[in-house]
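Here's a quick briefing to read alongside the model.

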Amino acid sequence: MKGFGSAVVKLRIPILIIAVLLLIPSAIGFFNTRTNYDILTYLPKEIETMKGQEILADDFGTGAFSLVVVEDMKGKDIKAMAAKMEEVPHVTKVLWYGSVIDISIPAELLPERLQKALKNGDATLMMAVYDTTMSSDETMNAIEQLRKVVSDQAYISGMSAVVVDTKNLSDREVPVYVAIAVSLCLIILMLTMDSFLVPVFFLLSIGCAVVYNLGSNFIQGEISYVTKALAAVLQLAVTMDYSIFLWHSYSAEKEVSHGDKKAAMAAAINETLSSVVGSSITTVAGFVALMFMSFTLGLDLGIVMAKGVVLGVICCVTVLPSMILIFDKAIEKTSHRALIPDMSKISSWIVKHFYVGLILFAALIIPAYYGQAHNDVYYNLDSSLPKDLPSIVANTKLEEQFEMNSTHMVLMDSKLSSKQVKAFAEEVNKVEGVKATIGLSTLVGPTFPKELIPKKLLDVLENEHYQLMFILSEYKVATDEVNRQCDTINGILDKYDETGMLIGEAPCTEDLINITDHDFKVVNSVSIILVGLIIILVFRSVSVPVLLVSVIEFAIFINLGIPYYTHTVLPFIASIVIGTIQLGSTVDYAILMTNKYRDARIGGQDKVQAVTTALKDSMISIIVSGLSFFAATFGVGMYSDIDMISSLCTLMARGAVISMFVVILLLPAVLRVFDPVIMRTSMGFRDVISREKNIKKEKEAQTV
């Protein structure tokens with residue numbers, strides 16, 4: 001370990017050159033990593049709705065469609081527009097009311113329910129069918145081209161259109177996220193550190209780690225847009241501590257080494273490495289816990305962020321020291337007095353009035369726990385997007401003109417008789433909220449020969465293995481009403497075809513609700529167990545992990561409880577990932593203070609002195625770290641128009657500050673009150689216990 005620091009100092013120039021050169025392949029990897037903008041694709045592949053999507057792609061040659069609302073356009077113009085739409089690559093068919101009218105079949109032959117579903121006054125409903133899946137690059141490109149083809153009177157709705165708008169909005173905003181996070185972090189660090197220039201090198205070093213991380217995602221093939229949007233900002237937030245620790249250690253070692261900066265840096269690297277490895281493991285553990293989610297967005301985010309933390313540690317002990325030594329003279333010229341005052345008096349006051357922290361805990365724990373347990377969350381992915389996006393406008397038009405909010409698809413065995421299928425459709429039409437069904441049974445009646453149905457329509461609705469039926473619903477995705485509707489339809493389907501499948505955005509979202517509810521419990525449990533085990537190994541104690549995790553969990557309860565009292569509805573993913581991220585990244589504050597408390601106790605101080613020393617020596621580091629985390633995420637939360645990203649960043653920013661205050665105000669009280677328990681349940685305190693017993697005996701003897 002000692003030789004590592006010396007080697008870095010000796011090879012500082014080659015290290016910096018290699019670090020810069022590695023940015024080139026990393027940038028290439030980043031630009032060649034696909035981004036997935038469809039959250040629903042992260043559902044487990046073995047569930048029925050996902051299997052159904054595969055059947056659509058394999059057997060029907062399609063995996064997606066868009067409903068297009070056309071207003072105030074004559075039939076001949078709609079027909080001409082439909083022809084142009086079919087010329088767009090990967091648009092296989094465009095179906096509408098005129099697909100049947102054009103073959104001279106009287107409109108009256110179509111069921112009245114279906115007529116109303118496809119045409120309402122001057123508004124006409126069309127369906128564009130793609131030969132690619134809902135969120136594939138080909139489908140997204142097709143929608144972009146369709147928007148150029150259709151007139152201003154046509155609106156393309158559906159999940160694929162939402163995915164396109166999510167992509168465009170996210171790609172436009174992500175560079176701004178990084179700029180905001182870097183700018184705010186730089187301001188905080190310049191004010192709280194003792195140099196104006198060294199924070200720049202902090203950010204450059206972390207920037208290298210971020211680029212390496214994003215570039216290495218090429219190995220995974222693709223990452224989600226949520227991961228892409230959060231990766232740089234979150235990596236900056238959770239790894240800034242390591243740079244701050246190195247700088248403080250280097251400054252202290254310079255005094256010991258009497259100005260020998262190379263020796264001081266070598267010692268600082270070794271000390272940082274041994275300390276930061278332990279600290280980073282808890283952060284990695286928090287992200288590893290996300291990998292246990294059935295909803296594999298957690299696996300995606302967990303892998304990228306765990307990798308990012310490891311790369312952050314490596315750059316902190318190699319790239320950053322090289323920069324500091326090479327640009328040492330410039331750093332010295334920009335040195336200044338840190339603005340954070342001495343914390344000795346504040347520390348003494350907090351420890352002396354330790355009951356204040358306990359009172360705050362007693363007052364807040366019940367409302368905080370209740371609030372976080374009763375939060376409202378949303379699963380409808382369009383809810384997180386601005387209302388003026390083309391897809392959201394189109395979805396609104398669909399609701400206004402046709403009272404439709406979602407479309408389900410039913411896959412049934414092609415061997416079912418037309419009588420059975422017709423009976424099924426009639427039952428489904430009676431289900432509350434169902435506008436109409438579109439299938440062979442709804443088109444073929446006693447006076448309507450099947451032979452007269454256009455071949456392109458038949459290709460959409462039937463093949464040798466399956467027949468497909470569309471169910472138009474009034475209800476919005478992710479509502480209790482549509483979930484009940486899906487359950488009812490599934491029950492009807494089981495009577496006619498036990499192998500039949502109900503698929504589409506609404507059924508997928510219902511699966512998402514059930515799966516993520518389970519994931520929430522799993523992720524929280526796994527993160528607590530992993531972090532607890534790490535703390536057990538660090539402190540060789542039974543009580544310390546319970547106390548430290550409890551303190552941070554209290555902070556998490558407060559953070560997640562606030563939305564309940566402010567009537568804020570959270571995106572579903574927030575309630576799952578925030579707890580484990582906040583625990584993994586801010587438990588370091590508690591570990592830092594407890595380490596100093598342990599050293600002070602072993603060094604001969606009594607419990608009050610030890611807690612005071614621990615708080616005094618760690619408070620500035622905790623404040624700088626908490627404010628840096630806040631700065632990296634708060635601005636993004638305020639700026640982003642994607643509510644899922646905005647909510648996650650706002651919760652992380654608020655969580656960092658809450659954890660900071662809870663550790664500073666509550667942990668000293670916990671350490672003071674539970675000092676006897678810690679002494680008896682932790683290894684390494686035997687001499688302290690013996691010493692205090694002897695002191696007590698001496699006092700008793702003197703009294704006698």
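At 10% relative accessibility, Asp-328 counts as buried (buried means under 20% relative accessible area, exposed over 50% and partly exposed in between, with a 1.4 Å probe and protein chains only). Keep in mind that this is a predicted model, where local features need pLDDT of at least 70, side-chain atom pairs count only at pLDDT 80 or more, and totals for chains, interfaces and linings use all residues. Residues are numbered from 1 along each chain as its sequence is written, and side-chain values use heavy atoms, with hydrogens and water left out.

**Around Asp-328**

- Asp-328 sits in helix H14, which covers residues 328-333; helices (H or I, at least four residues) and strands (E, at least two) are DSSP runs, numbered from the N terminus.
- Not counting residues up to four places away in sequence, Asp-328 touches Tyr-250 and Lys-261, with contact meaning heavy atoms within 4.5 Å.
- Val-198 is 130 residues from Asp-328 along the chain, and their C-alpha atoms are separated by 9.2 Å.

**The whole protein**

- The protein has 29 helices and 13 strands.
- Its C-alpha trace spans about 110 × 60 × 40 Å along the principal axes.
- Of the 704 residues in the protein, 56% are buried.
- Take the contacts with a separation of 6 or more: 82% of them are accounted for by residues 24 or more positions apart.

**Helix pair H10 and H13**

- The axes of H10 (residues 225-256) and H13 (residues 319-326) come within 11 Å and cross at roughly 45°; axes are lines fitted to C-alpha atoms, for helices over the stretch in contact, and angles run from 0 to 180 degrees between N-to-C directions.
- That angle makes H10 oblique to H13 (under 35 degrees counts as roughly parallel, over 145 as roughly antiparallel, 65 to 115 as roughly perpendicular and the rest as oblique).
- The crossing of H10 and H13 is right-handed, the term for a near helix turned clockwise from the far one by less than a right angle, with anticlockwise being left-handed.
- On the H10 side, Ser-243, Leu-246, Trp-247 and Tyr-250 meet Leu-320, Pro-321, Ile-324 and Leu-325 of H13.
- By class, this contact of H10 with H13 has seven nonpolar residues, one polar and no charged (Ala, Val, Leu, Ile, Met, Phe, Trp, Tyr, Cys and Pro count as nonpolar, Asp, Glu, Lys and Arg as charged, and the others, Gly among them, as polar).
- H13 is mostly covered, with seven of its eight residues buried; Pro-321, Ser-322 and Met-323 are among them.

**Helix pair H11 and H12**

- H11 (residues 261-290) and H12 (residues 297-316) have axes that come within 8 Å and cross at roughly 170°.
- That makes H11 roughly antiparallel to H12.
- The residues that meet include Thr-272, Val-276 and Phe-287 from H11, and Gly-298, Met-305 and Cys-316 from H12.

**The four-stranded sheet**

- Four strands form an open sheet in the order S10-S11-S9-S12, with antiparallel pairing; two strands pair if DSSP finds at least two bridges between them.
- S10 (434-438) and S12 (501-504) are the edge strands, each pairing on one side only.
- On average, neighbouring strands of this sheet are turned by 25° against each other, direction ignored.
- S9 (residues 406-413) and S11 (residues 466-473) pair in the antiparallel sense over eight bridges, and Asp-413 stands opposite Tyr-466 in S11.
- H18 (residues 418-429) lies across S9, S10 and S11, running at about 165° to S10.
- H22 (residues 505-539) also packs on the sheet, touching S9 and S12, and its direction makes about 95° with that of S12.
- S9 and S12 run antiparallel and are joined by four bridges, with His-408 opposite Gly-504 in S12.
- Met-501 and Ile-503 point one way from S12, Leu-502 and Gly-504 point the other way, and all are buried.

**Thr-139**

- Thr-139 belongs to helix H7 (residues 137-149) and is buried, with a relative accessible area of 0%.
- Leaving aside neighbours within four places in sequence, Thr-139 is in contact with Ala-64, Tyr-130, Thr-132, Thr-133, Met-134 and Ser-160.
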